[in-house]
Amino acid sequence: MSETAPTIYIVDDDPAVRDSVAFLVSSVGYRWVACTSAQAFLDVLDDETPACVVLDVRLPGLSGLELQTELLRRGSSVGVIFVSGHGDIPKAVRAMRHGALDFLEKPFDDQVLLDRIGEALAASAETIRRRSRQTTLERRLSCLTEREREVLALVIAGKTSKAIALDLDISVKTVENHRHNLMTKAGATSVAQLIAWASEPPPG
Amino acid sequence: MRLIETARSARRTVVVLAAMLALLLAAIGFGPSAGAAEDTRPVVRVGVLAYRGAEVAAANWAPTFAHLSKTLPQYRFEMVTGSTAFLTAAVAANRLNFLITNPGHFLELRIDYAATALATEQDMNGSYSDESVGATILVPADLADVQIVTDLRKRRIAAVARDAFGFRAAWLELLERGVDPFRQTDLLFVGYPVEGVIDALRSGRAEAGIVRSCLLEQLIADGTARPDEFRVIGRKPSGTLPCQVSTRLYPGWPFVKVAQTAPALAAEIARALLVMQPAGGEVVWTDPVDYRLVQDLYRGLKVGPYALFTPLGLRDFLWEHRWWGMVAATIAAWWIFHVFRVAHLLRRRTRELQRAHEQARVKGERMEHTVRLSLMGEMASSLAHEINQPLAAILSYARGCERRLDAGIDPEGVLEGVRRIAVQAERAGSIVKRMRDFVRKHPSQQLPLDPSRVFADAIDLFEPTARGRDVRLEVDIPSTLPRVMADRLQIEEVVLNLLQNATEAVSGVADARIAVKAEAMDHVVRLSVTDNGSGVAPGAIDLLFEAFFTTKPEGLGLGLSLSRTIVEAHGGRLDVDIDTPGATTFWFQLPLIEEIARV
């Protein structure tokens with residue numbers, strides 16, 4: 001699904017800054033998209049591709065921090081790296097609390113930026129991967145019957161087939177049947193895998 | 001002690017004089033023994049010029065007085081001796097009936113007091129009555145280098161007095177030989193009696209002396225002078241007069257009647273004089289002679305009655321009016337002092353004023369500079385950001401180039417990156433230059449310029465600040481405007497002040513907007529800055545343009561006051577409109593050059 005190359009979005013109102021960051025990231029072969037404003041970025045964002053955004057805190061119209069909030073709301077996979085000409089401490093604190101990967105002060109060290117971009121892209125890819133797995137799991141689990149769901153919940157809770165049969169007041173044989181069916185429907189090869197999937201936090 | 005001595009000596013003098021007078025009067029048979037108390041005869045006062053002192057005069061004229069007393073016993077004759085000045089004063093005061101004086105003095109009295117001559121003195125030696133008086137110029141016999149009259153130049157010459165007849169006679173002779181005694185010789189006036197001249201010659205105080213004719217012969221006869229002691233300079237023929245003279249001869253002394261004296265008395269006196277017989281080889285009296293020669297002398301010398309302003313008269317005048325003179329001199333002195341003082345004060349005040357002007361100018365420039373620095377301080381963080389942008393870009397470009405070169409890829413990209421580095425470096429440089437220009441100290445100079453450029457520069461400089469404060473700038477400035485006479489930086493400062501002010505006013509306002517509009521109007525260019533901020537408090541409107549009035553915690557309170565000062569120095573106006581609700585407009589206007597030229 002995520003076969004497209006990762007994309008670096010550069011959002012800054014200063015054309016020189018925009019262009020120079022693009023010049024830098026292209027030197028290491030990244031694909032990049034430059035945007036003059038937050039709204040323009042939202043318009044072109046492809047959330048299915050691993051991506052990160054190098055975002056100026058201070059922007060005309062929708063500000064950098066407001067854009068971050070909007071991305072959180074959408075559950076976007078895009079990693080956010082803030083850059084600022086001001087070194088504005090309160091803004092930096094707020095940005096980091098909301099999951100920004102870094103807050104770099106202009107002029108920034110190229111290696112630090114590229115490292116952060118790499119980390120952000122990796123995180124973004126992971127998020128997308130997890131999100132697709134989750135989606136698959138959810139779709140499969142949606143096929144389970146009422147009795148199968150009840151059994152699954154007890155399996156995840158770590159109960160044996162006998163205990164489940166006793167709890168649900170059914171035969172052990174019936175429990176074994178339900179377990180087999182739900183394992184097939186979820187596509188899990190073992191109970192341990194099933195438990196691992198089910199305990200994962202939702203992505204975003 | 002001294003006083004007592006002085007008093008004693010004065011008393012002694014009085015006693016001696018009194019004794020002499022008594023002797024004298026006794027000698028002419030007219031002593032106090034005649035009984036002044038019961039003597040009721042009319043008094044006839046006769047003044048006598050005492051050119052050799054009272055004693056000699058009295059002795060000289062004693063025979064005449066004796067004759068008169070004998071011939072006219074019904075009168076009591078009183079001799080009054082004195083100098084010409086004294087006698088003139090006595091005539092003026094009507095204290096004399098007659099007087100015996102020299103021809104020159106008589107001439108003055110004839111003209112000034114209508115005096116007439118009753119008789120003329122005739123020398124007993126038989127000279128003619130109309131040539132019996134002259135002057136003799138003497139030098140010590142051993143003074144070899146003074147032989148003729150012109151040798152007297154630059155010599156010290158002693159004479160009795162400026163108005164003595166002898167001196168005047170000699171004066172004319174000297175003048176006729178081209179020697180002006182007052183300019184070309186050193187004159188020494190020794191005063192009466194005439195022996196003072198001889199003393200001056202003997203003591204060496206003078207090298208030459210002017211004396212009355214026959215004085216030398218009298219002194220030799222007396223034995224008071226040796227015959228070989230003095231030599232006569234510039235000898236003239238002396239006719240029948242047995243004396244050496246240096247001047248022409250003038251008539252002898254007249255017996256003068258004063259105008260007020262009764263003609264009957266005068267007739268009696270004249271008759272008595274003419275019948276007087278020479279008693280012992282002294283003077284006798286003849287009919288009065290013509291004194292025209294004397295008149296010519298006086299006219300030639302412009303002295304006596306012919307003086308435009310006689311020395312005596314001038315001296316008298318000055319003396320008489322000395323108090324007024326002193327007052328006038330004081331006033332004149334005070335006035336001169338005042339004039340100099342005023343001139344001095346004026347110079348000093350002018351200097352002070354110039355210094356004060358200079359100080360005010362320097363102070364004004366310093367204040368303007370302070371406000372500019374303050375404005376720059378308020379914009380500093382925005383401008384720092386503005387400079388930081390190109391620096392950040394440069395760094396990224398440089399690193400990008402480095403990575404391309406390391407990887408050996410994209411040579412065109414490297415070239416492009418380097419070009420963009422140059423562009424960004426220039427951008428940073430121009431921002432720094434603009435800031436430096438703005439805060440640089442500079443002498444104020446107004447030049448013809450297009451204000452649109454100045455307005456645009458100021459707005460460019462302010463733009464980052466507006467952006468940093470989330471203020472929208474709506475700029476409406478034509479690309480060209482009519483020219484004005486202005487100091488670029490000062491006008492830029494005014495625009496920035498207004499923008500800064502407006503930004504403060506809209507802080508905290510949602511949708512903060514500042515509209516900047518420039519337009520050419522009739523005769524002026526006008527720039528207005530309108531904000532949608534909180535407006536001006538009613539109480540503050542009057543104080544807005546006062547120096548040090550501010551509503552901001554960090555403001556200097558100089559911005560608006562200084563801006564108005566600057567605009568007014570450009571012949572323009574700066575003011576505020578608050579009439580539209582929700583909009584405050586500060587505006588200023590500058591006169592167009594064409595308008596200035598027309599006025």
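Contact here means heavy atoms within 4.5 Å. In this predicted model, helix H14 (residues 451-468) of chain B lies across strands E13, E15 (513-520), E16 (524-531) and E18 of chain B, and runs at about 170 degrees to E13(B). Those strands belong to an open sheet of five, in the order E13-E15-E16-E18-E17 (chain B), and the pairing is mixed. At the edges sit E13 (472-476) and E17 (573-577) of chain B, each of which pairs on one side only. From one strand to the next, the twist averages 15 degrees.

E17(B) runs antiparallel to E18 (residues 584-591) of chain B, and five bridges join the two. One bridge partner in E18(B) is Gln589(B), which goes with Arg573(B). Helix H16 (residues 559-569) of chain B also packs on the sheet, touching E17 and E18 of chain B, with its direction at about 135 degrees to that of E17(B). Turning to side chains, the charged end of Arg526(B) sits over the ring of Trp587(B), 4.1 Å from its centre.

As for aromatics, there are 14 pairs over all chains. Ring pairs link Phe98(B) and Phe255(B) with Trp61(B), Trp253(B) and Trp285(B) into a cluster. Back at Phe23(A), the charged end of Arg404(B) sits over the ring, 3.8 Å from its centre.

Note on methods: Residues numbered from 1 in each chain as written. Chains lettered and ligands numbered in written order. Predicted model: local features only at pLDDT ≥ 70, side-chain atom pairs only at ≥ 80, totals over all residues. Heavy atoms only, no water. Pairing = 2+ DSSP bridges. Helix = DSSP H or I, 4+ residues; strand = E, 2+ residues; numbered from the N terminus. Axes fitted to C-alpha atoms, helices over the stretch in contact; angles between N-to-C directions. Phe/Tyr/Trp six-rings, centres within 6.5 Å; stacked < 30°, edge-to-face > 60°. Lys NZ or Arg CZ within 6 Å of the ring centre and 35° of its normal.
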